[in-house]
Amino acid sequence: MSGNGMGEAATVVLIGNPNAGKSTLFNALTGANRKVGNYAGVSVDAAEGGFYTPHGKKIRLLDLPGCYSLRGGSPDEQIAAEGLMGNLRGTNAPDLAVCVVDASALERHLRLVLEVIDLGLPVVVVLNKVDLAENGGLRLDAQLLSEELGVPVVPMRADRGKGLLELKQALRFPFPAGSRVKAAESTAGVADHQARILQICETAARRPDEDQLTLSDKLDRVLLHPVLGWVAFAAVMFLVMWAIFSFAGIPMGWIEALQGLVSGWVEGMLPNGELRSLVVDGMIGGVFGVLVFLPQIILLFLFIGLLESSGYMARAAYLMDGIMSRAGLSGKAFLPLFSSYACAIPGVMATRTIDSAKERLATIFVAPWMSCSARLPVYFLIVPLLLHESEGTWKQAVILFCIYATGTITALLVALLLRMKLGKDEGQRSFMLELPPYQAPQWRYIFRHVAERAMSFITKAGTVILGLSILLWALSTYPRQAGRNESDALAHSAMGRMGSWIEPVVKPLGFDGRIGTAVLTSFAAREVFNSSLAVLFRVEEGESDEESRSLLRDRIAAATWPDGRKLFTPLTLISLLVFYIYALQCLPTSAVVAREAGSLKWAVGQFLFMSGFAYLASFLVYQIGSLFL
Amino acid sequence: MNLQDIAVWTIVGLTIAIFAWRMFRSRSTRKPGCGGGCDCGKKR
């Protein structure tokens, strides 16, 4: 026991069923900003933080992933069990376990509590979400529950911070001894535990005589309906896409105006020359080519946060279970795949909730095909070019919806093929899904999470994208020959030459050397595609100075082949979109896949397969499309 | 070489140096198993 010395920190673990509110409690106690959501499986790794009790004792707090039992088979459940035993690398054996239970689902959550008590550790039970339980008519008696279990019980509402002080006081040093019921129960099996749970609930948690339909039950009648549920799901998804395009227009206009102001100010300050070109075309053009899509990124994360926090995500997983099972996956794979819409890295990590190793591998393999937020700047640049300015935002939303659907459907088809190739699982696998009651979104956590994502996007634009934009500008400017016009100078530059080498490879996809070069540079980071286009299309033949300062979208819309044909035709734009839907251009994702799949071969194979698939799909789209258009 | 050229080459040279330094630094200090992704380096 590490914490028995007066000066040392005591180690306390937070353990409980998925969606009991452990991470919310962890954030409330430590002031951290760990991701929370109203569905099972949000946390798949252990987190560490610290705080002081009112008595001045330092507590080292370990938040473990949710688990239904200490005998679970999935990787996240194994992490939880190992954390409780003190077997996790870099952590001490715990001095006390705080078991977080959802008061509204006491019968199910008490099973794990009894298993933890059986270990003989000092235990404090947190009875979370008491308000939800009492609103549902449950009459809870924490004192009786404490007497029945033989450990302290603290009623709480972790999302509002209610009961925090009482919990900290319950963690008074020296910690309470292990439960006195331990000896009697230590050899208890599942059936014994079940009988004991029923007896405890009979005494300490009395249900109303008649089952009342809660608001969640009434909403679920529609949202889980075999037909209406799907209509609602499609409507929610379409509404999110539409809102992203509609609401982002005004702030995007502000950012574009800011770009114009900054560029104009720099042009007024610096004489015409290479330094001015570097700052205006390279640095400002490259960074703003990405930064302009910040409002859409913020809106996407805001809507994902709302869906996660309200409890709708678990319903979506329930609806998707049928489709997932046709693809050889279970509903458990839906949540990691949905997480990948934000970023494939947490999505790949979230596959730890899947206990079947083969299903987990298949899910990891296809997760990067769920369009992540890094692709959005590319989509938002290309999609409006497919439409006339007068056409409404709902058409853009439909195209974005189709982009997401294309990635998702392909991912499921490939998952099916992989599952067939990998073979069946040994033993029977079952999928249990907890449907939490709907709740008001936790705005504080949503805003903190969105702000964190927005800052990460701005930081990336101001560091990596800025640096790459400077390098791209240098490559597209040097070696320079005096007396050439801008277009010839670009063709003579290192990047221009690279473009001419690449052009034969990418021409069958409808791209010229400049687009091919921009695609190639975006293997460093997808957003660099926009910056590369801003640098490569900074000057078009016959443009005046005023025109050359126009927005990136206008400039690439006006771009032509050397023979004067329009470069960005609808077919070329679709071919580009298809390439970006399928290509895996994210080194960090490959590194996480190698770690989670336990083999570099999977990461390399995934990269080669997806890059080849992207090329082939773009090729087919352009070549077949050319026959008709 | 005029003043503008010197400024341009200083900026480009510094950028290359920073990228090289970051690559070297991230290789030598990255936590085992960390892919350097979105949530990497965040206190968990």
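1. Trp230(A) and Phe233(A) both sit in helix 10 of chain A, three residues apart, about one turn of the helix. Helices here are DSSP runs of H or I with at least four residues, strands are E runs of at least two, and both are numbered from the N terminus. The two rings make an edge-to-face aromatic pair, 5.7 Å centre to centre with 85° between the planes. For the cut-offs: rings of Phe, Tyr and Trp (its six-membered ring) pair if their centres lie within 6.5 Å, with planes under 30 degrees apart called stacked, over 60 edge-to-face and the rest tilted. Trp230(A) is partly exposed at 30% relative accessibility, whereas Phe233(A) is buried at 13%. Buried means under 20% relative accessible area, exposed over 50%, and partly exposed in between (1.4 Å probe, protein chains only).

2. Before going on, a word on conventions. This is a predicted model, where local features need pLDDT of at least 70 and side-chain atom pairs count only at pLDDT 80 or more, while totals for chains, interfaces and linings use all residues. Residues are numbered from 1 along each chain as its sequence is written, chains are lettered from A and ligands numbered from 1 in the order in which they are written, and side-chain values use heavy atoms, with hydrogens and water left out.

3. Back to the rings. Over all chains the count is 22 aromatic pairs. Trp473(A) and Tyr478(A) give another edge-to-face case, with centres 5.9 Å apart and planes at 85°; both of these residues are buried. There is also an aromatic cluster made of Phe365(A), Trp369(A), Tyr582(A), Trp602(A), Phe609(A) and Phe613(A).

4. Now the nonpolar packing. A nonpolar core is a set of buried Ala, Val, Leu, Ile, Met, Phe, Trp, Tyr and Cys residues joined through side-chain atoms within 4.5 Å. The largest one has 130 residues, and those touching the most other members are Leu400(A), Ile515(A), Phe529(A), Phe537(A), Phe568(A) and Leu576(A). Helix 10 (residues 228-269) of chain A supplies the largest share of this core, twelve residues. Setting aside neighbours within four places in sequence, Phe529(A) has contacts (heavy atoms within 4.5 Å) that include Val378(A), Ile382(A), Ile515(A), Leu576(A) and Tyr580(A). Apart from this core lies another, of 40 residues, among them Val13(A), Ile15(A), Leu121(A) and Leu127(A).

5. Leu127(A) takes us to strand 5 of chain A. Six of the six residues of this strand (residues 123-128) are buried, so strand 5 is largely enclosed by the rest of the structure. Val123(A), Val125(A) and Leu127(A) point one way, with Val124(A), Val126(A) and Asn128(A) pointing the other. Strands count as paired if DSSP finds at least two bridges between them. Strand 4 (residues 96-102) of chain A runs parallel to strand 5 and is joined to it by six bridges, with Asp102(A) partnered by Asn128(A). Strand 7 (residues 153-155) of chain A is also parallel to strand 5, through three bridges, and Leu127(A) has Pro155(A) as its bridge partner there.

6. On charges, the search finds 13 salt bridges over all chains, each a side-chain nitrogen of Lys or Arg within 4 Å of a carboxyl oxygen of Asp or Glu. Arg352(A) and Glu596(A) form one at 2.9 Å, N to O. This pair links distant parts of the chain, 244 residues apart, with Arg352(A) in the loop between helix 15 and helix 16 and Glu596(A) in helix 27 (residues 587-597). Both ends are buried: Arg352(A) at 12% and Glu596(A) at 10%. Glu596(A) also bridges to Arg595(A) at 3.2 Å, the latter being partly exposed at 34%. Salt bridges with shared partners join Arg352(A), Arg360(A), Arg595(A) and Glu596(A) into one network.

7. As for helix 27 of chain A, its buried residues include Thr589(A), Val592(A), Val593(A) and Glu596(A). Their cover includes helix 15, helix 16 and helix 28 (600-628) of chain A.
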